[in-house]
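Subject: Structure handover

Hi,

Here is the structure for your files. My notes on what turned up in it follow below.

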Amino acid sequence: FLDLSAAVEECTEKGCLALSLLELLGFNLTFVFLASLLVLIQPVAAGSGIPEIKCYLNGVKVPGVVRLRTVVCKAMGVLFSVAGGLFVGKEGPMIHSGAVVGAGLPQFQSISLRKIQFNFPYFRSDRDKRDFVSAGAAAGVAAAFGAPIGGTLFSLEEGSSFWNQGLTWKVLFCSMAATFTLNFFRSGIQFGSWGSFQLPGLLNFGEFKCSESDKKCHLWTAVDLGFFILMGIVGGLLGATFNCLNKRLAKYRMRNVHPKPKLVRVLESLLVSLTTTVVVFVASMILGECRQMSSTSHSGNDTLSVQGMSEDVNSSIKTFFCPNETYNDMATLFFNPQESAILQLFHQDGTFSPVTLSLFFLLYFLLSCWTYGISVPSGLFVPSLLCGAAFGRLVANLLKSYIGLDHIYSGTFALIGAAAFLGGVVRMTISLTVILIESTNEITYGLPIMITLMVAKWTGDFFNKGIYDIHVNLRGVPLLEWETEVEMDKLRASDIMEPNLTYVYPHTRIQSLVSILRTTVHHAFPVVTENRGNEREFMKGNQLISNNIKFKKSSILTRAGEQRKRSQSMKSYPSSELRNMCDEHITTEEPPEKEDLLQQMLERRYTPYPNLYPDQSPSEEWTMEERFRPLTFHGLILRSQLVTLLVRGVCYSESQSSASQPRLSHAEMSEDYPRYPDIHDLDLTLLNPRMIVDVTPYMNPSPFAVSPNTHVSQVFNLFRTMGLRHLPVVNAVGEIVGIITRHNLTHEFLQARLRQHYQTI
């Protein structure tokens, strides 16, 4: 901007403004074009990256989100998008970049640099990786704002679903290290004083202090708290409006921009850049007011004790299109880097007219809303802070000019406005309070900031969700909230589970395993054996046994019974073929009302179930009883484990015993982490389909499991706090009756099941 500023000021005198506008456009469009190209290389690098990291820490794997290529495109792209004059910040991408570093460093390998391989056997699990990503995201916040505690709280509040006490200390240490590393290098490079630690974060709000000569000046008083609460309400409303507009824009983009060729996304970015540049230039030229420069560096109650800061604030005043000894207040806001403009609003006294502030706020609000979501790496923190700071300064100006409240300190109102607007957009409370306190270095602001953020969050939540949650929902990610609603306790585990299971036997033929793995996308399979015990017990005429079995019959939920109940109440099936089959089965054989399923099965007890050999997969032609036969549960085995066993040829032939099967160690099983081989890449010619795999040494024999009668809130808490992916539902006699995954616990799914529950009542 510096050379261009000189060119604009020169052209103001000589009358060649069109030329300087073209020069500015040339620079900006080139930079934005480069940023868009980087996003084309790695699409997940677009946007701030916080929604993606939030999903990852919640337990959802977003493809490519923590790859080395992503962080390179993100870091380079955000340089170009900020340099290109777009209304975006670099703080969101910093958080994403930190998370990628956290995910990649402990692995000591990268898919982009395959040749660099270290034999480092530790941290080879998703849980460890997730902890490192939490620490990386916190370090990103800490470096961006110089707020190590704020970073730790951000990771706790926004990100991590699974937190433990040991992690708190590690994450805080990581954030502290990030803050002081950045401080060390920035102080050294900018001031040449290595080791002095003068510049804590990328974004620094300066020091808020009254002049010692002005005894009436206070940073804030109890009376101001009332205004702060009102600003919080307005900030919440503005944030809700921003989110609503951005959501509509995002939906429009998903329908009309994303399906088209990738070049259209680049063109949209260029259009936004063109519009932004022209608006900034024209607004500064036509709408800005020329205001008198004060002879002293500062006057009145906003005098800063730090001389360096006042020089810094004054040096960024722009005189565009104005005569000597005056400066252009609109250009001062628009033609400065966003961080300098925020400092201007926080620390300049009486330099912005209410009209300028109103117009600046409106233009910035609309343009930043349009910009967030285009195909460039873009943060939202700084644009929101700048927008809110303009709103805060406007309130301070109006209170001073029209209500005559001379005691108020404009900088405080600008800060509270920034907090109110940012809180209304992102809906963060704890972490944002601490980040702002650490950035201002003023602990006395703790109470007003906290109250403002709380009010802004409550007001905004009344209308819609925070911007990151909106973008997560638009992508259809099954994100788990912190807890379920109270009314969900009307549902039990049996109401939300999936009874139509795909399972494997402890000893299964390779042919059957390959068939199951290729025809399903499940990540885990129950290991089961068929349960024939029920029939034998009934054949004994003992009265005691009969009474006990009657109790068992009345209280035990079976998969077939549950599926039949659903087929009669609602058509809630995973596949239409199964639904049709159930309908046919029901029409051909009307059971008496009072007889339960077990009784019907026992009447035909002399006809055994069709025997399911290990080389047979469940067939579509089976009846309900065949498909939903009782199965004793022994454990869970993951898809990755099954594929690893097949790739490494772990099996035995029928003529041998299972003891002859080769054994793999834990290190060998997890060697390919995090990218296990795909079943579709497997060369079947190397495998004998008649060979048998014994999965029992590799399965998890004691996974967390719940009873069919467990309340949904208990299921949800267990699933979320333990970081599960699969939760088997096992009845009182050890038979698996269904399985619960993340999909079964999403808000939308639970709502649908609750409606269904009310209909069946």
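Helix 5 (residues 91-104) packs against helix 6 (residues 126-145) at an angle of about 145°, and their axes are 7 Å apart. Axes are lines fitted to C-alpha atoms, for helices over the stretch in contact, and angles run from 0 to 180 degrees between N-to-C directions. The crossing of helix 5 with helix 6 is right-handed. On the helix 5 side, the contact (heavy atoms within 4.5 Å) includes Met-94, Gly-98, Ala-99 and Gly-102. Helix 6 contributes, among them, Phe-132, Gly-136, Ala-137 and Gly-140. By type, the contact residues divide into 11 nonpolar, four polar and two charged. Here Ala, Val, Leu, Ile, Met, Phe, Trp, Tyr, Cys and Pro count as nonpolar, Asp, Glu, Lys and Arg as charged, and the others, Gly among them, as polar.

Two notes on provenance. This is a predicted model, where local features need pLDDT of at least 70, side-chain atom pairs count only at pLDDT 80 or more, and totals for chains, interfaces and linings use all residues. Residues are numbered from 1 along each chain as its sequence is written, and side-chain values use heavy atoms, with hydrogens and water left out.

Now the overall picture. The chain has 31 helices and eight strands. These are DSSP runs numbered from the N terminus: helices are H or I with at least four residues, strands E with at least two. Of the 761 residues, 52% are buried. Buried means under 20% relative accessible area, exposed over 50%, and partly exposed in between (1.4 Å probe, protein chains only). Among contacts with a separation of 6 or more, 78% are between residues 24 or more positions apart.

Next, covered elements. In helix 3 (residues 50-58), nine of nine residues are buried. Glu-52 and Lys-54 are among them. Gly-59 follows helix 3 and has a positive phi, near 115°. In strand 4 (residues 524-530), six of seven residues are buried. Strand 4 runs antiparallel to strand 5 (residues 631-638), joined by seven bridges. Strands pair if DSSP finds at least two bridges between them. Ala-524 has Leu-638 of strand 5 as its bridge partner.

Two single residues follow. Asn-246 lies in helix 9. It counts as buried because its relative accessible area is 0%. Beyond its neighbours within four places in sequence, Asn-246 touches Cys-369, Tyr-372, Ile-467 and His-471. Pro-259 sits in the loop between helix 9 (222-256) and helix 10 (262-287). Its relative accessibility is 59%, so Pro-259 counts as exposed. With neighbours within four places set aside, Pro-259 is in contact with Arg-253 and Met-254.

Last, the aromatics. Rings of Phe, Tyr and Trp (its six-membered ring) pair if their centres lie within 6.5 Å; planes under 30 degrees apart are stacked, over 60 edge-to-face, and the rest tilted. That rule gives 18 aromatic pairs. Phe-360 and Tyr-364 make a tilted pair, 5.2 Å centre to centre with 40° between the planes. They are four residues apart in helix 14 (residues 354-371), so about one helical turn separates them. Both Phe-360 and Tyr-364 are buried. Tyr-503 and Tyr-505 form an edge-to-face pair at 5.9 Å and 80°. Both Tyr-503 and Tyr-505 are buried. One aromatic cluster consists of Phe-242, Phe-361, Phe-365, Phe-391 and Phe-421.

Regards

How values were computed
Left-handed = near helix turned anticlockwise from the far one by under 90°.
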